[in-house]
Amino acid sequence: MDYTDKLAQSIHTVKPSGIRRFFDIVNEMDHVISLSVGEPDFQTPWHVRQAGIASLEQGKTWYTPNRGFKELCKEITKFYKRKYNLTYDPLEECVVTVGGSEAIDIALRCMASRGDEVLIPQPSFVCYEPLTVMAGATPVLIETKAENAFRLTPEQLEENITPASKLLILPYPNNPTGGIMEREDLEKIAEIVKKHDLMVLSDEIYSELTYGGKLHVSIAQIDGMRERTVVINGFSKAYAMTGWRLGYALGPKEIISMMVKLHQFCIMSAPTTAQYAAIEALRNGDGDIEAMRNEYDMRRRFVVASLNAMGLSCFNPEGAFYCFPCIKSTGLSSEDFCTRLLHSKHVALVPGSAFGDCGEGYVRLSYSYSIKHLTRAMELIREFLSELKDEDNG
């Protein structure tokens, strides 16, 4: 049976995730050193796991309110007040979701539709473009560049705005580049957003992972931007809680109420056990974040220095836990580089092209793995590059 006409037309245009494609290949191979997935090698802190376990032991396995536990929403809003001096009503301006990815999906579906354009800086996380398409809107891709530290410049934003522009996605700290936006950058972007009456979806899932004394700034902190911004965040990266699948959105109640409505029909409620664990993480997890961030910082400096030393020019990432080295000097496409490295040295990276066409010529490497793991991977990549040179000279 031909199912072509039985499927929604929009799903045909969506490409599978390039990250997950390599992840699936790795799972079928033995003895692979994988730096391909943004998966913290830390376990969820014990006191956080203990809170989840206790909730199960106490039989707390029922549905939660659609919006999420009131207690959790209060802790989320306290966190944003404490960290960023942003005030949100926990009962009307917060929704708890199944990971940050669901929050992005329902935010896009509530704010963008057919005829709207969504401005997406790239390279960036793989979900923004396909979710925009599935919402019926049109993605407008803006290429950020290494010479600008992969930041969105006001000039780039201005030149891509049209009368159909509706929403800007701000993916900072950035996956895959590790780039960040500082306050002065955001102030310039905010002026353009207000001038053209745009909304902003600010994906801040890596907000707690910044380095070199650079603290994350949310665009919602900029004057006049709180009412224009839906903030997306979650627990996966900062608290090493990827498998708990818990995220959240903060924003104007008029938008959040629509997101709650969509959430209650497509998901109903986020996992109960994970919400109890998240309450504990927010109350007592600052020390855990600091310890993990310090370890990531050490790994970051090691990997960047190693890549540059072996001739792969690498932008110095200031956020998240990724490096995005340039591999153009090898003469290989990013897909070929990763495929050959995987099969010859059993080291898995992700082609930069997975994060947008402008990622071609780069590869993504996650340093969310142990230093032993990273050290061996650097040795094998160095060997691979040496063998490539021998091939060229032969």
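**Aromatic pairs, a helix and some cysteines**

Modeller: Let me begin with Phe324, which counts as buried because its relative accessibility is 1%; please keep in mind that this is a predicted model.

Colleague: Which ring does Phe324 pair with, and what is the geometry?

Modeller: Phe324 forms an edge-to-face pair with Phe150, with 5.9 Å from centre to centre and 80° between the planes. Phe150 sits in the loop between β4 (138–143) and α7 (154–160), while Phe324 sits in the loop between β9 (322–323) and α12, so that the pair links distant parts of the chain, 174 residues apart. Phe150 is buried too, with a relative accessible area of 3%.

Colleague: How many aromatic pairs turn up in the whole structure?

Modeller: The search of the whole structure finds 18 aromatic pairs. One of them joins Phe69 and Tyr276, whose ring centres are 4.9 Å apart and whose planes meet at 50°, so this pair is classed as tilted. Because Phe69 is in the loop between α3 (46–57) and α4 whereas Tyr276 is in helix α10 (residues 272–284), the pair ties together parts that are 207 residues apart in sequence. Both Phe69 and Tyr276 are buried.

Colleague: And which residues make up the aromatic cluster?

Modeller: One aromatic cluster is formed by Phe79, Tyr80, Tyr84, Phe235, Tyr239 and Tyr248.

Colleague: Switching to cysteines, how many disulfides are there?

Modeller: There are zero disulfides in the whole structure.

Colleague: What about Cys358, where is it found?

Modeller: Cys358 is in the loop between β11 (350–351) and β12, and at 18% relative accessibility it counts as buried, the cut-off being under 20%. Apart from neighbours within four places in sequence, Cys358 is in contact with Gln122, Pro123 and Glu143. From C-alpha to C-alpha, Cys358 is 27 Å from Gly234, and the two are 124 residues apart in sequence.

Colleague: OK, now Glu93: why does it count as buried?

Modeller: Glu93 counts as buried because its relative accessibility is 12%; its place is in the loop between α4 (70–84) and β2 (94–97).

Colleague: What does its side chain make a polar contact with?

Modeller: The side chain of Glu93 makes a polar contact with the side chain of Arg226, at 2.6 Å. Beyond its neighbours within four places in sequence, Glu93 is in contact with several residues, among them Arg67, Tyr88, Leu250, Lys253 and Ile256.

Colleague: Last topic, helix α13: how far does it reach?

Modeller: Helix α13 (residues 371–393) has 23 residues and reaches 33 Å from its first C-alpha to its last, close to the 33 Å expected at 1.5 Å a residue.

Colleague: Which of its residues are buried, and what covers them?

Modeller: The buried residues of α13 are Leu374, Ala377, Met378, Leu380, Ile381, Phe384, Leu385 and Leu388. What covers them includes β1 (33–34), α11 (286–309), α12 (334–345), β10 (347–348) and β12 (363–366).

Terms used:
Residues numbered from 1 in each chain as written. Predicted model: local features only at pLDDT ≥ 70, side-chain atom pairs only at ≥ 80, totals over all residues. Heavy atoms only, no water. Helix = DSSP H or I, 4+ residues; strand = E, 2+ residues; numbered from the N terminus. Buried < 20%, exposed > 50% of the residue type's maximum accessible area, 1.4 Å probe, protein only. Polar contact = N/O pair within 3.5 Å; in protein donor to acceptor, adjacent residues only side chain to side chain. Contact = heavy atoms within 4.5 Å. Expected span 1.5 Å × (residues − 1). Disulfide = S-S within 2.5 Å. Phe/Tyr/Trp six-rings, centres within 6.5 Å; stacked < 30°, edge-to-face > 60°.
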